[in-house]
Amino acid sequence: MKWRVQLSDIDIGNEEIRAVSGVLRSKWLTMGAVTGEFEAAFARYLGVKYAFAVANGTAALHIAHEALGINSRDEVICPSLTFVATANSIMYTGAKPVFADIASLDDLNISPDSILKKITSRTKAITVVHYGGYPCNMDAIIKIAKKHSLFIIEDAAHAPGSEYKNKKIGAIGDIGCFSFFSNKNMTTAEGGMVVTDNPGLAKKIRLLRSHGMTTLTLDRHKGHAFTYDVEALGYNYRIDEIRAAIGLVQLNKLDSNNELRGHLVRMYRSRLNNHEKIMAPFYKYSGKPSFHIFPVLLKDKALRPRFMDYLKKRGIQSSIHYPPIHLFDFYKRKFGYKEGVLPLTEEASKREVTLPLYPGMRLEDVRFVTEAITSFHKNA
Ligand SMILES: *Cc1c(COP(=O)(O)O)cnc(C)c1O
């Protein structure tokens with residue numbers, strides 16, 4: 001389908017093409033000098049000691065939980081209003097994801113009060129998601145984590161470049177995880193990053209990424225080693241040089257592209273301000289968001305299918321973030337979750353529509369979308 005305004009679009013140009021060609025010509029295709037450069041640049045950008053590039057964001061989350069020693073005896077508190085990978089990655093360790101509600105219909109992030117209510121003697125960690133790139137209430141969450149001796153994992157898939165109290169998102173918890181999937185604020189096609197300041201965790205993450213092996217192919221190529229030992233049950237979650245090269249270029253554009261997103265969001269907000277039938281969450285937010293997506297909530301959830309269909313007829317692509325995880329068939333069967341257990345999450349997920357947003361979007365596209373919204377409600 002050819003959209004007049006599509007949901008998202010990536011900023012890929014000659015620089016990325018040149019970087020990829022350079023890697024191909026070098027004939028060193030996987031985890032080498034370029035990956036090292038990408039990790040160093042990302043660590044510097046975030047202000048953390050260690051960054052490990054991995055195959056995707058889900059792999060990042062999986063080894064983050066595993067490095068913290070989370071296992072089948074444990075529970076991890078996380079939101080349900082997120083991509084299923086957040087909870088799946090907890091389940092890969094054998095632990096139980098325990099879903100907490102969102103803070104409100106304005107703040108779609110995990111609620112500190114709800115977290116408190118979900119803590120049991122088995123709780124080991126809190127995995128937060130900065131929805132849409134808007135930072136969670138980290139002061140309150142850190143306070144809870146300290147009091148109950150819980151780890152904090154940040155799922156920062158939406159939030160590269162976001163800041164909370166002048167600290168980069170992803171650099172606040174024990175471990176931060178990023179995704180560079182094709183629809184994220186910066187992309188490597190598929191890819192991810194695990195970051196931490198803790199040297200012990202860094203050592204574990206490095207091992208888990210590549211079969212628990214003590215040396216890499218690159219070390220052996222350089223003549224630093226002939227053999228290796230295996231110290232843990234690891235995975236093949238490595239990234240390749242082609243993706244790392246794209247990542248280096250994308251990281252350079254991240255701040256300016258996030259600013260472009262912010263500019264468009266401010267335009268959206270001013271045009272939808274005081275709209276009777278629609279509200280834009282995160283009216284109040286703290287810190288600096290990355291503006292990953294632009295979610296709105298319809299006053300009347302029954303109108304959503306007709307609303308999205310109307311936008312589609314005008315060539316405007318929209319989406320839903322998210323169907324809540326606790327109501328997916330697999331999660332219901334596994335844990336017995338029922339409708340009604342997370343009232344705010346369920347309400348938001350029924351009313352939410354994600355509108356187009358990407359750095360190359362034009363102001364006239366925003367006008368086109370908001371005018372379509374107004375004319376829909378006149379006719380509805
Ligand atoms: C995209 C995303 C992930 C998973 O990342 P992949 O790179 O697709 O594996 C995890 N959590 C959230 C919130 C995401 O949006």
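1. On a 1 Å grid over the protein atoms alone, a cavity is a set of points where a 1.4 Å probe fits but cannot get out; a pocket is an open set with protein on both sides within 12 Å along at least five of seven lines; lining residues have an atom within 4 Å of a point. Grid points are joined across faces, edges and corners, and a volume is the space filled by probe spheres set on the points. By this rule there is one cavity of 30 Å³ or more. The largest cavity holds about 60 Å³ of space.

2. The basis of the note. This is a predicted model, in which local features need pLDDT of at least 70 and side-chain atom pairs count only at pLDDT 80 or more, while totals for chains, interfaces and linings use all residues. Residues are numbered from 1 along each chain as its sequence is written, and side-chain values use heavy atoms, with hydrogens and water left out.

3. The cavity lining. Asp9, Ile10, Asp11, Lys184, Asn185, Thr187, Gln250, Asn257, Arg261 and Pro359 line the largest cavity. Two of these residues are nonpolar, four polar and four charged. Here Ala, Val, Leu, Ile, Met, Phe, Trp, Tyr, Cys and Pro count as nonpolar, Asp, Glu, Lys and Arg as charged, and the others, Gly among them, as polar.

4. The largest pocket. Its space comes to about 500 Å³. It is lined by 29 residues, and those closest to its centre are Phe83, Ser179, Phe181, Asn183 and Lys184. By class, the lining has 13 nonpolar, 12 polar and four charged residues. H3, H4, strand E8 (175-179) and strand E12 (352-355) each supply at least two lining residues. Helices (H or I, at least four residues) and strands (E, at least two) are DSSP runs, numbered from the N terminus.

5. Where does the ligand sit? The ligand sits in the largest pocket; the test is that more than half of its atoms lie within 2 Å of the grid points. Helix H3 (57-67) and helix H4 (85-92) are the elements that give two or more residues to the shell around the ligand. H3 gives the largest share, three residues.

6. The ligand shell. The ligand is surrounded by 17 residues; the closest are Gly57, Thr58, Asp155, Ser179 and Lys184. A residue counts as near if one of its heavy atoms lies within 4 Å. The shell divides into seven nonpolar, eight polar and two charged residues.

7. A polar side-chain atom of Asp155 is 2.7 Å from a ligand nitrogen atom. Ser179 places a side-chain N or O atom 2.7 Å from an oxygen atom of the ligand. For Lys184, a polar side-chain atom lies 3.3 Å from a ligand oxygen atom. The protein covers 93% of the 380 Å² of accessible area that the ligand has on its own (Shrake-Rupley method, 1.4 Å probe).

8. The second largest pocket. About 220 Å³ of space lies here. Its lining includes Asp106, Arg269, His275, Tyr283 and Lys299. Helix H9 (241-272) and strand E10 (278-279) are the elements that give two or more residues. H9 supplies the largest share, three residues.

9. Backbone points to check. Most residues other than glycine have a negative phi, and most peptide bonds are trans. The peptide bond from His321 to Tyr322 is cis, with omega near 10°. Tyr322 is in the loop between helix H10 (304-313) and helix H11 (329-335). Ala189 has a positive phi, near 80°. Ala189 lies in the loop between E8 and strand E9 (192-196).

Definitions and conventions. Polar contact = N/O pair within 3.5 Å; in protein donor to acceptor, adjacent residues only side chain to side chain.
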